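Subject: Structure handover

Hi,

Here is the structure you will be working with. Please open it and keep it in view while you read.

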Amino acid sequence: LGDPEPIPESIDTYHYYYNYLLESYSLQWEIDETVIGSGHNYGIPAQAIVSLDEVEQEVLIRARNSENKQLIDSLSYTMYETGAYMIAVLGTEEEPHLLCEPMDTRGPSTNRVKFRFLHASEAMGPVDIYIGGDQPENLALAAMDFTQVSEYLEATQEQLWTSVIVTPANSLPADSTILEYTANNIFQAGWIHLCILEHISSSSESSFQIQVDDQPVFY
């Protein structure tokens, strides 16, 4: 009967989508000519496995209005086989910001938590972020501005459980605080998290919050 034809192996990439566009409608995501998903609502993370044709390939990422298919923003980005990517759209229809960032999926050091921040609220302005306390030595990130994605940091889960404090840039927590995330146990040793500074809803008038999303860990 002869040997069966080998099943071609797919060249997969791993995508994490974030909709922080301050509009009432949901989004449709496309990679090149393929619709990856539609009806993606504000503030709800979404995931997808997307196959490439080549192990290294430049793709065109598009974000559209799910309702009328109007293009919101697009971005060309080179992706690699087995790569993991964070794709986010921020701002408004008039001034959208489409981001694609590679994700570091290597696990944290022993008994540590690995994390980074995405600043998704223009109204919040530049911020400082304190981890584990409210003293100058607890400053983890300084002058982080809208659309920025921070470097990866590590801390113990106890430090993160104690407090994550967001202040206006160049302000101590004792002087001015925008957000304070305390007495929480959402952070887990051995995990990677993305912490998003965002509005609680798609209205620019809504209050601020920190959303924490789990990221992939490949040892």
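Below is what was found in it, from the whole protein down to single residues.

Two notes before you start. This is a predicted model: local features need pLDDT of at least 70, side-chain atom pairs count only at pLDDT 80 or more, and totals for chains, interfaces and linings use all residues. Residues are numbered from 1 along each chain as its sequence is written, and side-chain values use heavy atoms, with hydrogens and water left out.

The whole protein

The C-alpha trace spans about 75 × 45 × 25 Å along its principal axes. The radius of gyration is 19 Å; a compact globule of 219 residues would have one near 17 Å, which agrees. That radius is taken over C-alpha atoms, and the globule rule is 2.2 Å times the number of residues to the power 0.38.

Of the 219 residues, 47% count as buried. Buried means under 20% relative accessible area, exposed over 50%, and partly exposed in between (1.4 Å probe, protein chains only). Now the contacts, meaning heavy atoms within 4.5 Å. Of those with a separation of 6 or more, 63% are between residues 24 or more positions apart.

Methionine 124

Find the loop between strand E9 (113-119) and strand E10 (127-131); methionine 124 is there. Is methionine 124 buried or exposed? Methionine 124 is buried, at 8% relative accessible area. Leave aside its neighbours within four places in sequence, and methionine 124 touches His119, Val166, Ile178, Leu179, Leu197, Glu198 and Phe208. Threonine 167 is 43 residues away along the chain, yet its C-alpha atom is 9.4 Å from that of methionine 124.

The cysteines

A disulfide is a covalent bond between the sulfur atoms of two cysteines. In the search, a disulfide is a pair of cysteine sulfur atoms within 2.5 Å. How many disulfides does a search of the whole structure find? It finds zero.

Best wishes

Conventions: Helices (H or I, at least four residues) and strands (E, at least two) are DSSP runs, numbered from the N terminus.
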